[in-house]
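Dear colleague,

I am passing on the structure we spoke about, followed by some notes on what was found in it. Please read the notes with the model open beside them.

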Amino acid sequence: MTLIAAGMSLILTVMFAGGIAQVGNAAAADARAQLVADATALAAVAELGPGGSGLPETFARRYAEMNGGDVVTCVCRTGGRAVQVTIEVQGASATARAEIEPSLIWPANLVGSLEGLTPEMAAAVTSLVSAADGNVRVVSGYRSSEEQQRLWAAALATYGDPERADDWVARPGGSMHERGLAVDLGGDLFLAGRLVRSLHLPLVQPLPNEPWHFELVGARS
């Protein structure tokens with residue numbers, strides 16, 4: 001019985017040691033996935049900040065791929081101030097969220113770049129942002145044809161189909177941004193809409209899928 005007991009003890013010890021190794025490997029995989037998710041969320045949310053491209057999902061996918069991961073889901077709304085990503089790395093998955101606090105990086109009196117906007121559009125946007133008291137900001141205003149081309153190329157690379165890309169980025173030559181007649185706003189978009197109505201500003205939100213996009217009234221006529 002002693003020999004049998006000793007043999008069983010040895011088998012259990014080996015199996016237990018193997019279990020520890022598996023648990024250790026799983027923990028390491030989970031930790032790596034979480035690290036990539038955290039870094040991806042930070043890289044993506046940075047694109048919503050000053051100097052960013054305004055295309056957080058494009059950069060999320062690119063950054064995750066650079067680190068050996070794939071984006072499973074990305075709540076990455078252009079014009080927003082937060083992103084949430086779920087990343088998979090070698091079978092392990094993790095979720096991370098990152099948010100920009102406007103009051104820390106956008107002074108309350110900062111209107112954003114109005115250069116290139118028509119005088120009427122610039123005046124309306126200035127009134128809107130000033131009335132919002134720091135809760136609304138300009139993310140993207142006038143764009144050159146070259147910049148619009150870069151955004152279109154990035155959207156095409158993300159969605160892989162011109163029709164789908166068209167839902168989010170206008171083709172070069174067809175954007176109101178290129179004419180100085182549109183801005184993409186960030187922050188409290190519900191407040192922005194209310195202020196447009198209460199102040200009777202000549203601005204409209206013509207794109208149902210882009211509530212952050214504001215144009216001068218009559219720009220498309």
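Contact here means heavy atoms within 4.5 Å. This is a predicted model, in which local features need pLDDT of at least 70 and side-chain atom pairs count only at pLDDT 80 or more, while totals for chains, interfaces and linings use all residues. Residues are numbered from 1 along each chain as its sequence is written, and side-chain values use heavy atoms, with hydrogens and water left out.

As for confidence, pLDDT (the predictor's confidence in each residue, from 0 to 100) averages 78 over the protein, and 79% of the residues score at least 70. Over residues 1-20 pLDDT stays under 50, and the model has zero contacts beyond four places in sequence for them; over residues 103-111 pLDDT also stays under 50, but there the model has 13 such contacts. Where pLDDT is low, the predicted coordinates should not be read in detail.

A nonpolar core is a set of buried Ala, Val, Leu, Ile, Met, Phe, Trp, Tyr and Cys residues joined through side-chain atoms within 4.5 Å, where buried means under 20% relative accessible area, exposed over 50% and partly exposed in between (1.4 Å probe, protein chains only). The largest such core has 26 residues, and Met 121 is one of those that touch the most other members. Leaving aside neighbours within four places in sequence, Met 121 is in contact with residues including Val 183, Leu 203 and Phe 214. A second, separate core of 21 residues includes Cys 74 and Ile 100.

Leu 35, by contrast, is exposed, with a relative accessible area of 59%.

Best wishes
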